[in-house]
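Student: I have a structure to go through. Can we take it step by step?

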Amino acid sequence: MEVTPRSAAVGGSATLALAARAKALASEGRDVVNMAVGEPDFPAPAVARRAAAELLETGQDIRYTPAAGTPALRKLLAEHMHATRGGDWSSEEVVVTHSCKHALSSTLSVLIREGQRVVLFEPVWSSYEAGIQIAGGEAVRLPARPDLGPNLEAFAALLADRRLSAGIVGVMVCSPSNPSGYVWSREETETLVALVERHDLWILSDEIYRGLVYEGEPAVSPASISDQGRARTVVVDGASKVFAMTGFRIGFAAGPKNVIDAIGRVQSETTGCPNALSQAAYAAALAGDPPEVEAMVREFDVRRRHLIAGLEAIGLPTPFPRGAFYAFSSIGEFPGGSAAFCEQLLEEEAVAIVPGKIFGMDAYVRFSYAASMERIDAALERVGRFLAQRV
Ligand SMILES: Cc1ncc(COP(=O)(O)O)c(C=O)c1O
């Protein structure tokens, strides 16, 4: 039996593979500092865990829900969109999905026709290109600016060239960014919306880290910029990061009704509906305004400052990230590039980090600060030693 070229081209999540390798080393007894992880090291809010536990306890209503999610959760998400992105949102403009990742793949599956092209800004989360390929499309990558921000000049130039922009139908953006923590400014988001309007494109805006911005202006959704921005944008988000609910696997997409409706119909045929327990937990978290979130954000901020200062001190220049929980550090011209850097660091010093290569930037590595201060200090000491041996 042969698999299709489309599925054969998908390599599998490199970050998950790396985390698995780190776990394997740990199980052999090595004291591994795992800074490769993409999930908060905090428990889910009590109110969310309680809601799931209560449902489990009663045994009632752990059944199929409507394919697009429970009416209660869709309503809460519409209210959440109003509160956080502005404008009026109805339940029909929101579909609950199994995760943000699933919202991304479902959205791509209803927006991309065979062979169409979608623009990505480097550094770019590795799953986007895979999602585009699985949907039958092709990614067009744009190199980053030196501060790791979106290269909107390159985007404008690409769109202005009819030959080079043939087949481009949309653009995917992520702010705050994984892997850089870069948060787009309002002006940048306005420029993006103006460009997609002029060239009749759609935006898929991954806002999974929206709640994790530590300084300056909050992240602005393209859907908040103008009616045009709203009409051309599908927002995807979820409970994984801001509520530390990665294992619940729950998220949503919000956007124009016809797109949301199509996602719901596809979901009804593919997965049936999102998990009932996770929907109840997510609804409780959204309605409960859990105090754990603020405490987690405060702690991330402390770690962020500490880690960046430490990385700079050991000789790894790191553009200051305003959001998410990652630091994307320059390793310069390391022999063998970022993969060699990460492999050697893992073998020699038992520190797991992610090579920038998978985000399209081989002269960088990604540290996650979803790790305690004590583990961050251990990592800094070990990476410092690793670098000192190479000067
Ligand atoms: C940019 C980005 N989007 C989406 C996700 C996945 O979110 P979820 O757990 O809801 O699938 C991640 C997880 O690492 C991410 O970094």
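This is a predicted model: local features need pLDDT of at least 70, side-chain atom pairs count only at pLDDT 80 or more; totals for chains, interfaces and linings use all residues.

Student: Fine. What is the radius of gyration of the chain, and what would a compact globule have?

Tutor: The chain has 21 Å. A compact globule with 391 residues would have a radius of gyration near 21 Å, so the value agrees. Along the principal axes, the C-alpha trace spans about 60 × 60 × 55 Å.

Student: How many helices and strands?

Tutor: The chain has 14 helices and 12 strands.

Student: And what share of the residues is buried?

Tutor: Buried residues are 49% of the 391 in the chain. As for contacts, take those between residues at least 6 apart in sequence: 72% of them join residues at least 24 apart.

Student: Domains next. Which ranges does the assignment give?

Tutor: Domain 1 is 5-44 + 291-388, and domain 2 is 46-288. Over C-alpha atoms, the centres of domain 1 and domain 2 are 25 Å apart.

Student: Switching topic. Where is α5, and what is its span?

Tutor: Helix α5 covers residues 100-111, which is 12 residues. From first C-alpha to last it reaches 16 Å, close to the 16 Å expected at 1.5 Å a residue.

Student: Why call α5 largely enclosed?

Tutor: Because 10 of its 12 residues are buried, α5 is largely enclosed by the rest of the structure. The buried residues include C100, K101, H102 and A103. Further along α5, L108 and L111 are also buried.

Student: Last one, the ligand. Which residues come nearest?

Tutor: Of the 13 residues around the ligand, S99, C100, K101, N178 and S240 come nearest. C100 and K101 are also among the buried residues of α5.

Student: How does that shell divide by type?

Tutor: The shell around the ligand has 4 nonpolar, 7 polar and 2 charged residues.

Technical notes: Residues are numbered from 1 along each chain as its sequence is written. A residue is near a molecule or strand if its C-beta atom, placed from the backbone, lies within 6 Å of it. Ala, Val, Leu, Ile, Met, Phe, Trp, Tyr, Cys and Pro count as nonpolar, Asp, Glu, Lys and Arg as charged, and the others, Gly among them, as polar. Domain bounds come from an automatic or database domain assignment. Helices (H or I, at least four residues) and strands (E, at least two) are DSSP runs, numbered from the N terminus. The expected span of a helix is 1.5 Å times one less than its number of residues. A residue is buried if 20 or more other C-beta atoms lie within 10 Å of its own, exposed if 12 or fewer, and partly exposed in between; C-beta atoms are placed from the backbone. The radius of gyration is taken over C-alpha atoms; the globule rule is 2.2 Å times the number of residues to the power 0.38. Two residues are in contact if their C-beta atoms, placed from the backbone, lie within 7 Å.
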